[in-house]
Amino acid sequence: MAVKRTPFIAGNWKMNLDHLQAIAFVQKLHWKLEEGNHDYADAEVAVFPPFTDLRSVQTLAAADKYSLAYGGQDVSAHDSGAYTGETSGAFLAALGAKYVIIGHSERRQYHGETDELIAEKVAASHRHGIVPVICVGETADDLEQHGPSAVPVAQLRTALGGALKASEIVVAYEPVWAIGSGQAATAQQAQQVCEALRAVVAEELGAEAAESTRILYGGSVKSGNIAGFLREKDVDGALVGGASLQVDEFAAIVRFKSHVGV
């Protein structure tokens, strides 16, 4: 029997919004979704603010009992020690973070993160009970040279070497050529790659894990195109960048079923 995967809409704020702005944003998002009678069983919602915002978001969410989840934008491969500027999984867990983004294209590009380091970070997140959102994706050059799915598949296969068996993962396919371009991949392109990624999860972690793992699309996601992606059988949600900084737009993406009639 097929496992029902709850759609997952994740907002990556990148290096935007300080802790006071984060509080205001999360409050407004909560109110907007409450106003629209959003059912979190229909679509889980999470935000990924800068590290300096996490304690503020935790305090607000706990005090007002928000159903909104949150997580870190990165995690250290190390649990503690002389690693200036890094944040351990233990610290994220202590802040109540449910998720952490690992291997985002910007981390790969600007910080030189390798697939092997990303595997270590996946292992670190699982050691502390945090669900890794493993990002994979290809550049325009990768696409031209290797074709669709080859690079994301190779990235994911290595990353899963750090996964703890029977622990939850989320996979995010983010075609680098689409990010910030305003030109998203087509739903069919996203499905093709996400299907290949699910096959890798099956090979590495087993059929049950593959069936339950949520695979997200990320790359110029908007309220106007989200429903098309989520009609595809292997696309289970979205990792949203710029649009997640606009409360009304992000709420509209979250409520994809009601405003598009899916």
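**Close-up views of salt bridges and a helix pair**

**View 1. Glu44 and Lys98 form a salt bridge through their side chains, with N and O 3.0 Å apart.** The pair links distant parts of the chain, 54 residues apart. Glu44 belongs to strand 2 (residues 44-48), while Lys98 sits in the loop between helix 3 (89-94) and strand 4 (99-102). Glu44 counts as buried, at 13% relative accessibility. Lys98 counts as partly exposed, with a value of 38%. The model shown here, as in every view below, is predicted.

**View 2. Glu44 also meets the side chain of Arg214 in a salt bridge, with an N to O distance of 2.8 Å.**

**View 3. Lys14 and Glu106 are joined by a salt bridge whose closest N and O atoms are 2.8 Å apart.** Lys14 is found in the loop between strand 1 (8-12) and helix 1 (19-35), and Glu106 in helix 4 (residues 105-111), so the pair ties together parts 92 residues apart in sequence. Lys14 has a relative accessibility of 22% and counts as partly exposed. Glu106 counts as partly exposed as well, at 26%.

**View 4. A network of salt bridges links Arg5, Glu195, Arg198, Glu211, Lys233, Asp234 and Asp236.** In total, the structure holds 19 salt bridges.

**View 5. Helix 5 (residues 115-127) packs against helix 7 (residues 150-159), with the two axes 8 Å apart.** The angle between these helices is about 45°. The crossing of helix 5 past helix 7 is right-handed.

**View 6. The contact between helix 5 and helix 7 is shown residue by residue.** From helix 5 come Asp115, Glu116, Ile118, Ala119 and Val122. On the side of helix 7, the residues they meet are Gln155, Thr158 and Ala159. Sorted by class, this contact has four nonpolar, two polar and two charged residues. Asp115 and Glu116 are the charged ones, because Asp and Glu belong to that class.

Conventions:
Residues are numbered from 1 along each chain as its sequence is written. This is a predicted model: local features need pLDDT of at least 70, side-chain atom pairs count only at pLDDT 80 or more; totals for chains, interfaces and linings use all residues. Side-chain values use heavy atoms; hydrogens and water are left out. A salt bridge is a side-chain nitrogen of Lys or Arg within 4 Å of a carboxyl oxygen of Asp or Glu. Helices (H or I, at least four residues) and strands (E, at least two) are DSSP runs, numbered from the N terminus. Buried means under 20% relative accessible area, exposed over 50%, partly exposed in between (1.4 Å probe, protein chains only). Axes are lines fitted to C-alpha atoms, for helices over the stretch in contact, and angles run from 0 to 180 degrees between N-to-C directions. A crossing is left-handed if the near helix is turned anticlockwise from the far one by less than a right angle, and right-handed if clockwise. Contact means heavy atoms within 4.5 Å.
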